[in-house]
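Me: I would like to learn how to read a fold from a structure. Please show me what to look for.

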Amino acid sequence: MALLEVENLQTHFRTPDGINRAVDGVNFHVNAGETVAIVGESGCGKSVTAMSILRLIPEPPGKIAGAIRFNGKNLLEASDKEMRAIRGNEISMIFQEPMTSLNPVLTVGRQIGETLRLHQGLSAQEAEDRAVEMLNLVGIPEAKRRVREYPHQLSGGMRQRVMIAIALACNPKLLIADEPTTALDVTIQAQILELMKDLKHRVGAAIVLITHDLGVVAEVAERVIVMYAGRKVEEAAVGPLFRNPRHPYTQGLLGSMPKLGSSLTGEETRLAEIPGLVPSLKKKIPGCVFASRCPKVTDLCTQYAPALEEKAPGHVAACHYALREEVVAA
Amino acid sequence: MDGGRPATIPPGINVAPEMGDIMPPVKAKKGFIGFLRRNPTIAIGGTLVLLMVCVAIFAPFLAHRDPTSLAPALRTREPSAQFWFGTDMLGRDVYSRVLHGARVSLTVGFSVAFFASLIGLTIGLISGFIRLADSIIMRFMDGMMSIPPILLAIALMALTRGSVGNVVLAITIAEIPRVSRLVRGVVLSLREQPYVDAAVASGTRTPMIILRHILPNTLAPLTVQATYICASAMITEAILSFIGAGTPPIIPSWGNIMAEGRALWQVKPYIVFFPAVFLSITVLAVNLLGDGLRDALDPRMAKRL
Amino acid sequence: MFAYIVRRVLATIPVMAIVALFVFSLLYIAPGDPAAVIAGDQATPADVERIRASLGLDRPYLVRFGAWLWDILRGDLGTSIFTNLPVATMIRQRIEPTLSLMIVTLILAVSIAVPMGVVAAWRQGTWIDRAVMGFAVLGFSVPVFVVGYVLAYIFALELDWLPVQGYTPFSRGFFPWMENLILPAVALGSVYIALIARITRATMLEVLQQDYIRTAKAKGVGQRSILFVHALKNAAVPIVTVIGIGMALLIGGAVVTESVFAIPGLGRLTVDAILRRDYPVIQGVVLLFSFIYVLVNLAIDLAYTLFDPRIRY
């Protein structure tokens, strides 16, 4: 049994001018200790997916449907109390903006210690001692002094290290990292990625990495899920996906990617520009969601939404055209 | 795979199952009715204000008797078919007096809102455009704002003969600093805008900049502020009259009617009750209108307040 | 830090000077002849001249202002026209009930309004939120004295739970003192509660949108702790600022509340002075309250650093 199973996840938001179908029928799983990346442009629903797993979507205006099974337990049916016991303890999360994700009026030590006091019942003193250890672990010098400081006294990279310390304080089984390096300088990005890989080995947590940066994906992920317009369009192990992308969208994303092994952090590894805009999610799209931007679009695509199909072992994609190519190739 | 699909699907095509709706659809409300639906406070507040304005205008026709005519024989009658709101200690018909009271309240409210906005706008514009004047004016406004408005109005009223005009003057002076600050704030933030910068750089003259860029953007917050000033001026007028520092007792204002009913309030509460209800409803209506306008005109401000 | 406090305290001196100048100048701003107004309609020309001299209106403006300011700095607020007592003495005799009323109202209002605003923000859009917002609009719309009469009618006359009117000094015990202050404090507090609840809700709504609140939720922090520890502490500065600014409403309302509940405080002194046209008393009260107002807001300014570690001096 997988650690996390997401089934038919739908997360919709009520807005004044219609219902925004931000995530519309996504399936995936994460095994224990595995690193899975979810990639896509901004607005593709990858962050909403991440937030839905921990049920951090405000309801209303949002609503989550489907099933999210963690260790076999459907989180969508869990009570608020059960969810609180899971958040920060068994599943924890790192956010994109280290500058704004830490509470400005509470000390760093208190914010790390809070999780420990909540989930492990530590006393204030024990929690602070553990916070110092955690700061040491994530490589913050002078941890004893730093625990008593406020976030504004730390640099962006340091704050993201603090976020990681908070997330890992309780040894979670699953870590969701939502664009953990996007807001950071390139050199700091590499350090944070190293730190995450290192800690993953030590703690043994599975990671769901949300990113639009394919360089980051190539560096840390084992399996990749490509999302577009609220749907999963392709999924494969990192090697096959980069070598042989099946979906035209993934091909577009990888268009300007240099070969694996070359510089991974340079500007050129960012997403290539794909002409056109992500369609509005406030209207139902009859055919393939990518049809409006796809270079290989046919009448078939605008009429019938392609189902996800296994194009090669362990490699699924949602494209009529990819299927044809496969048949011809075979 | 998808057995339930119509047979028109070409063979070999694998169609994704359609995802259902998980929440009811949104009905967009458009047009004037939609606007009122989305801004119920404007609809309710506006209707009530209009109603009160009508009451004030047609008070002489709606009133049963002359609001100032004394009838000692009919003193302190309970509300009845003849005297809807009863009579006061001098036998005057409270219903007729309350209707006429609407005239005083609305006159004071609207006049103060108008004059305070006009003067505050002028001071705010000067302050926002002339650096030298700014520090002096704003220091002075800070000082004025440190005097609680009601006390300031009381002090001014103590020095003048009671009249509706002087009440308007006293409350207006107390309200000016707030408007000036608001307008100055808007001007200063607009001056930072690139398009205003560009206008200045391209040599557009200041009056033109004010007319084209500043005034239109000041209008929305100023209108909202003016409604709030109108509401608070009506309350201040009532308070001033109530403690004997407002409209002369001869004029039937709501504050005066209540002041006269004060001595008897434990035995004849209706004398205080009816003007109180009219005053509260009118102020409530104006406040609702203000809240609605704020939400409709300036969503940013709506978030802050 | 210390240097900042000194600078901030010094900065209030010009504000106070302007307040004094303005209060002083009211005599000159007021349309008509203040001396004649104060003397009343039955006054002889000699009476008017006597009043003019006692107000100092016969001397040049600046000379008179200098002398008046000097007197104030020595604690002399002038002499009552009606009682011939020093205004400072009259104020001292009447200040306890007013301060009692204001302090009780302040504590009551803050302890009711802040949780109200927090809950309204948390439950935004629900009937609780609407009820709080509805109450706030009502609080702004119903004048203090009307609230006072309604409360007195229900709780004192009909139910007979609390005294209708009057004041018991604190020296006669806490409960008798409190018993007389509850109704006036609720009446006076209604606008203040409305104001604080509204700003609390607005600020909390903004704070609850922040990323760090999401972080707290992702950590498994409970709802109460999110609201009152993570969010409220961040919302404190605007709320405390409005509490300070709202003191103006409290001061203005106290004058009226005292006449409704027959509390022998500064408000009553003011109202009596209005009826007797005893301007020096009014001037003294206005000046005193304005200074208190400036000082309270100064204290609040200095207290910001307690709420937000980012504010450093």
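Me: Which residue in E8(A) does A:Val39 stand opposite?

Reply: This is a predicted model. In it, A:Val39 stands opposite A:Thr211 of E8(A). Strands of a sheet pair through backbone hydrogen bonds, either parallel or antiparallel. Here strand E3 (residues 35–39) and strand E8 (residues 206–211) of chain A run parallel and are joined by 5 bridges.

Me: In what order do the strands of the open sheet in chain A come?

Reply: The 8 strands follow the order E6-E7-E8-E3-E9-E10-E12-E11, with mixed pairing. Strand E6 (91–94) and strand E11 (309–312) of chain A each have a single partner strand, so they stand at the edges and one side of each has no neighbour in the sheet. On average, neighbouring strands of this sheet are turned by 25 degrees against each other, direction ignored.

Me: Which helix lies across E6 and strand E7 of chain A?

Reply: That is helix H7 (residues 156–168) of chain A. Its direction is at about 175 degrees to E6(A).

Me: How many helices and strands are there in chain A?

Reply: Chain A has 13 helices and 12 strands.

Me: What radius of gyration does chain A have, and what would a compact globule have?

Reply: A compact globule of 330 residues would have a value near 20 Å, and chain A agrees because its radius of gyration is 20 Å. The C-alpha trace spans about 65 × 45 × 40 Å along its principal axes. Of the 330 residues, 49% are buried. Among contacts with a separation of 6 or more in chain A, 64% are between residues 24 or more positions apart.

Key:
Residues are numbered from 1 along each chain as its sequence is written. Chains are lettered from A and ligands numbered from 1 in the order in which they are written. This is a predicted model: local features need pLDDT of at least 70, side-chain atom pairs count only at pLDDT 80 or more; totals for chains, interfaces and linings use all residues. Helices (H or I, at least four residues) and strands (E, at least two) are DSSP runs, numbered from the N terminus. The radius of gyration is taken over C-alpha atoms; the globule rule is 2.2 Å times the number of residues to the power 0.38. A residue is buried if 20 or more other C-beta atoms lie within 10 Å of its own, exposed if 12 or fewer, and partly exposed in between; C-beta atoms are placed from the backbone. Two residues are in contact if their C-beta atoms, placed from the backbone, lie within 7 Å. Two strands pair if DSSP finds at least two bridges between them. Axes are lines fitted to C-alpha atoms, for helices over the stretch in contact, and angles run from 0 to 180 degrees between N-to-C directions.
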